[in-house]
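Please look at the sequence and the structure before reading on.

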Amino acid sequence: MLLLKKLHKWLSLLVGLQLLVWLGTGLYFNLMDHQKASGNQYKQTPVVAQVDINRLVEPQLVLSQSKQVVSLKQISLLEHPYYLLTHNKGLYSHFDNDYSLVDAYTAEPVVIDETMVRKLAQSSYNGKGVIKNAVKLSPPYEDIPREQNEVWQVNYADYIQTSVYIDAGSGRIIKHSNDDKRFVDIFFMLHFMDYGTEGSFNNVQIILFSLFTLFFSLTGFIWTIELLFNGQYKVRFGNKSRTLALFDKDLELIGEFDLATNTNLLDGLIDHDIALSSTCGGGGTCGQCKVRLDSSVKVTSAEHVLLTKEQLQQGYRLACQHDATETKRLTLIDVTKAKKYLLELTHSEFISPYIKELRFKVLGGEKLKFKAGAHLRFYIPPAKGISIPARLPDAFKYHWRDIEYFEYEHQACSRSYSLANGDGQIEAGTNELKFTVKIQNAPNKSIYPGVGSSYICNLGLGQTIEAAGPFEDFHAKPSSNKTMMLIGAGSGMAPLKSLIEEQLCFYQKERKETRGIYFFYGARTEEDLLYKDELYRLSRKYPNFFYYPVLSRPHKNWSGAKGYVQDLLTSNINKICQIDGVEFYLCGPPNMMSATINLLKTKNVDATNIAFDEFI
Amino acid sequence: MKTLKVSRKLHRWLMLFLGLQFLIWSISGAYMVIFDIDYIHGDSLVVNHQAKVNVDEITYPLSALAKQYPDAKNIAVEVFIEQAVYRFTEHDEKYVVNASNGEKISPLNKVVAISAAKHYYSGDGAVLESELITDNPPFELSRRALPAWRVNFDDFGSPSIYVSAQTGKLVSKRHEFWRIFDLMFSLHVMDYEEEDPSNKLLFWFTLFSIFAAITGGVLSYFVIFKNRAKNTLDKSMGVAR
């Protein structure tokens with residue numbers, strides 16, 4: 001089902017525009033004036049000759065003097081009888097035919113010349129225009145693309161540019177065309193994707209598109225059926241609401257909330273400032289808005305894909321798939337009393353050329369409790385931004401020398417940043433929230449710099465910003481004596497350092513058995529090594545903590561490891577420990593993450609032992 | 001986010017009602033473009049005979065014919081199953097007359113009709129059945145072609161060859177692929193009787209479908225481009241998600 005939805009999404013990109021073209025031109029065909037579209041506005045049937053049968057030349061005589069024929073036929077042109085001799089007969093008149101003409105009264109051969117063509121055209125035309133010109137043409141023709149014989153084109157000087165097409169061999173009026181018809185032909189060309197104007201709808205491009213479209217509507221159709229069977233179509237009248245008992249993840253009652261029944265739980269919770277994670281916005285594809293409901297609540301196919309069997313049995317569901325009528329209790333699992341706070345910036349300092357440490361005070365004096373690795377969602381207001389941060393220390397100006405300075409405006413958005421608090425602050429709750437944020441710069445005006453990171457890194461001390469949380473997607477597993485291996489790079493430092501400090505602090509307090517903690521941290525140069533003094537100090541203080549900085553572009557006198565952190569890990573992982581009993585915690589840029597996850601997979605590390613803070 | 005949600009809701013609801021027609025449009029459209037139109041027309045079912053009129057066979061002159069049929073119009077000399085014949089119209093009736101002896105061949109009897117059909121038919125299948133249709137033509141035959149003999153052959157695609165009972169000419173050739181095409185066309189234009197694309201049902205369906213497609217486009221834009229832009233931005237930003 002997930003594959004089907006993915007297919008539908010990508011096919012929409014492929015065929016979407018053509019589908020609109022089909023629908024648009026289809027609507028045009030539905031509404032168009034068929035008389036105009038025929039091109040026959042000034043067409044009339046020519047007057048037929050009154051034939052005196054006794055004056056007709058014996059066909060036998062004609063045939064004995066002519067090339068062999070498939071058919072001899074008395075026809076009427078300009079109110080006079082002729083014999084049309086067909087020497088070679090196409091299956092249809094527009095297929096290749098070989099004709100000659102003979103006067104049916106005198107047996108004189110007749111050649112259709114321009115004078116005759118002009119008269120023939122006039123006999124079929126009842127408009128007021130005069131003939132502009134008459135030209136003999138060879139196929140192909142734009143107005144009559146399927147015609148394969150030579151034709152005369154007689155053009156009229158009327159307001160719709162009528163052209164009369166006459167078969168050069170037989171004098172037959174093939175067709176009238178005019179600007180109205182040519183206009184309609186454009187729509188047919190678009191509808192049939194007939195860009196080569198073959199006059200057919202059997203071209204390669206339309207066959208390909210029709211197949212893609214078939215898959216597109218099939219996947220959409222199945223999706224709709226699936227939604228229908230899962231009760232995703234509900235008609236609700238009015239703004240009714242229902243009271244649900246809300247619990248936090250420790251099963252403590254948060255309170256009773258009235259949730260609207262005409263919307264799903266994800267949207268309903270937002271009304272109470274409870275924002276669950278969701279990148280798909282309620283489409284049932286990202287799987288982030290997990291909650292626990294009564295276990296009797298129906299399981300949708302999205303949940304079958306995104307949640308495990310055990311989770312489903314325990315009542316885990318996706319909030320976007322259900323509404324308040326389906327359950328009485330709702331347990332928030334990613335959230336412990338996550339709510340909106342107003343934060344005031346108290347400290348803002350560059351700790352590497354591109355990374356700042358920011359500290360905020362929670363206004364209202366509340367203390368936040370959270371697990372190490374948690375993040376907050378910041379609500380960035382619409383504002384003007386600048387491409388190079390203000391108050392850049394002289395020491396780091398060198399690193400920004402290639403960045404063009406410009407201003408830009410951005411809209412409101414939300415961005416999540418991991419909390420970097422550690423060192424015993426978080427267990428007791430803290431009023432001061434710490435972040436390390438990397439400013440995503442843009443080399444020139446063609447793209448904006450990171451809107452969120454630029455905004456909060458340029459906040460002045462004392463300025464405030466709204467944020468919701470804490471969200472605890474990424475956190476340490478219940479304490480055990482398993483070895484912990486943390487792998488990170490760049491600003492992935494924040495949640496990892498927070499985790500390390502939490503664990504070391506716990507270790508110190510409890511004095512339990514020693515648990516090995518290894519931290520591999522990748523950066524470019526020495527300047528990019530965040531908190532290195534602090535981490536070295538910790539590794540000296542705690543015999544079970546090991547810090548391995550890895551630099552990809554170190555200065556000459558660097559004595560530590562060189563390269564990318566994932567490469568170092570590849571060559572050393574077996575030396576460090578027995579890989580079986582290790583918990584892995586990953587946070588960093590996508591390349592590092594995917595390479596590391598792949599490495600761990602090849603080493604047969606169980607997926608449940610890998611936790612990663614993914615940047616999606 | 002609001003636009004995304006509204007679009008998703010509209011797209012879902014509209015497609016609940018339109019989805020089947022979208023499927024029908026794509027199935028019928030695909031059928032019509034994939035099968036070559038000449039094949040659909042049955043061009044491969046018949047032989048385009050090029051037998052020439054043998055002048056020596058015309059021993060019954062036009063002057064004799066003119067006496068027999070003084071009001072004959074649109075006279076033609078052609079070949080009907082290897083025999084030179086006159087074809088003409090008199091008083092809205094069409095005739096075929098043997099050009100050697102002036103014998104009237106039309107209206108075709110069953111034996112002649114079947115041999116004509118066999119002559120036109122390009123396949124090897126045996127004749128299954130034949131019938132003379134004088135009124136109420138089947139949907140695959142134009143009223144103007146009446147009266148006509150329908151000769152069915154036992155072959156792939158159940159071909160039918162229609163021979164005019166008055167002129168002996170091939171008036172139509174049909175097989176299952178044409179019949180399905182015809183059905184597909186009426187499904188495509190949502191007119192199940194007259195196959196006219198200007199019907200009201202099609203109008204409303206198309207109008208709502210355009211709207212549904214636009215909401216779908218908005219969805220794709222948000223889900224693919226917006227999210228991607230956001231993702232790549234966030235990814236390069238480090239810890240943000």
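The points below cover the fold of one chain and then the contact between two chains.

The model is predicted. Chain B holds six helices and seven strands. Chain B meets chain A through 64 residues of its own and 72 residues of chain A.

**Fold of chain B**
- Read from the N terminus, the element order in chain B is α-α-α-β-β-β-α-β-β-β-β-α-α.
- Of the 241 residues in chain B, 38% are buried.
- Take the contacts in chain B between residues at least 6 apart in sequence: 53% of them link residues at least 24 apart.

**The side of chain A that touches chain B**
- The contact draws 72 residues from chain A and 64 residues from chain B.
- On chain A, the elements giving two or more residues to this side include the helices α1 (2-31), α3 (59-64), α6 (204-229), α11 (451-457) and α12 (493-510).
- The strands β1 (71-77) and β19 (413-418) of chain A also give two or more residues each.
- α6(A) supplies the largest share of this side, with 13 residues.
- By class, this side of chain A has 33 polar, 32 nonpolar and seven charged residues.

**Strand pairing between the chains**
- β1(A) and strand β1 of chain B (residues 73-80) run antiparallel.
- Three bridges join these two strands.
- Which residue of β1(B) stands opposite K73(A)? A76(B) does.

Key:
Residues are numbered from 1 along each chain as its sequence is written. Chains are lettered from A and ligands numbered from 1 in the order in which they are written. This is a predicted model: local features need pLDDT of at least 70, side-chain atom pairs count only at pLDDT 80 or more; totals for chains, interfaces and linings use all residues. Helices (H or I, at least four residues) and strands (E, at least two) are DSSP runs, numbered from the N terminus. A residue is buried if 20 or more other C-beta atoms lie within 10 Å of its own, exposed if 12 or fewer, and partly exposed in between; C-beta atoms are placed from the backbone. Two residues are in contact if their C-beta atoms, placed from the backbone, lie within 7 Å. Ala, Val, Leu, Ile, Met, Phe, Trp, Tyr, Cys and Pro count as nonpolar, Asp, Glu, Lys and Arg as charged, and the others, Gly among them, as polar. Two strands pair if DSSP finds at least two bridges between them.
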